[in-house]
Amino acid sequence: MEEASTIITELRQMVSVQGDPSSRIAAYMVEGLAAKIASSGKYLYKALKCKEPPSSDRLAAMQILFEICPCFKFGFMAANGAMIEAFKGEKRVHIVDFDINQGNQYITLIQTLANQGGKLPYLRLTEFHTVASTTSLVSPSMLDCRPGEALIVNFAFQLHHMPDESVSTVNERDQLLRMVKSLNPKLVTVVEQDVNTNTTPFLPRFVEAYNYYSAVYESLDVTLPRESQDRINVERQCLARDIVNVVACEGKERIERYEVAGKWRARMTMAGFMPRVMGPNVVDMIRKLIKEYCDRYTLKEEMSALHFGWEDKSLIFASAWR
């Protein structure tokens, strides 16, 4: 332990949260290692939560992240596009979202609907209703689904927080998907980060996280200067928290349990869902938008899903199911 602490001290002198992308991500990964050593991972998540910024600050930082790291924004746009296509021919549509913090996505959705002109029938938006429950305890009766409604369920950056069979025999992740399938939705959208921090042992998880977030940090340098306070807030309040949790925590303490697109495809298939191809209008719209950013951002279509990346690294994927 003494040797490990000495190495951590040396590493801290070599990295900086205001340096180049490799130095910044290394700084936060070093803090993850320090936290892991200090507590052996036990009860670490509770300790880390005590050091988190106020939820309002974190939400503001997340909203900035979705703007300055376009891959996140593209994922939302793909989900919105799939929803709008599912609206066609329906008189009543009921959208269920398992993350109350995704307000920006629905602002964008409403703006897109407003620009549809006569392409969609008259739509009346009712009030939004919240369900006071943790995701794992949500039941069909809480969702107030009614006859004649086309049901759409949106999972945007939410499913990876659900424990799976590697954490508990209850397997809340697949249990939730099966519950949603029992509702017979017209559409289910899944948007997630395309990286495996769920079942991999510590060392390969550490390497995978470093490679993934290195690409994210490089992309941030293109959109905001290093001295930008917005960039610093995003990295500290959003990305750093996730990195430390991935590196330092084990078992139930690790809540950032991302999976690659292929694993989500397997889970959705086992729950009884069938893939739904993203429409050409959705793909063309996002391709045009990507050109307005940087040619190092990429879009690939693979197995009915859209993969948004930085150069050759896939960062975010979006898929639609029925």
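**Salt bridges and burial**

Modeller: Let us start with Arg-173, which counts as buried at 0% relative accessibility (buried is under 20% relative accessible area, exposed over 50%, and partly exposed in between, with a 1.4 Å probe and protein chains only). This is a predicted model, in which local features need pLDDT of at least 70 and side-chain atom pairs count only at pLDDT 80 or more, while totals for chains, interfaces and linings use all residues. Residues are numbered from 1 along each chain as its sequence is written, and side-chain values use heavy atoms, with hydrogens and water left out.

Colleague: With which residue does Arg-173 form a salt bridge?

Modeller: Side chains of opposite charge can pair when their charged atoms come close. A salt bridge is a side-chain nitrogen of Lys or Arg within 4 Å of a carboxyl oxygen of Asp or Glu. Here Arg-173 pairs with Glu-259, and their closest N and O atoms are 3.0 Å apart. Arg-173 belongs to helix 7 (residues 172–182) and Glu-259 to the loop between helix 9 and helix 10 (261–270), so the bridge ties together parts 86 residues apart in sequence; helices here are DSSP runs (H or I, at least four residues), numbered from the N terminus.

Colleague: Is Glu-259 buried or exposed?

Modeller: Glu-259 counts as buried, at 2% relative accessibility.

Colleague: How many salt bridges does a search of the whole structure find?

Modeller: The search finds 20. One of them joins Glu-235 and Arg-24, at 2.9 Å from N to O. Glu-235 lies in helix 9 (residues 229–248) and Arg-24 in helix 2 (residues 21–39), so this pair links parts 211 residues apart in sequence.

Technical notes. Helices (H or I, at least four residues) and strands (E, at least two) are DSSP runs, numbered from the N terminus.
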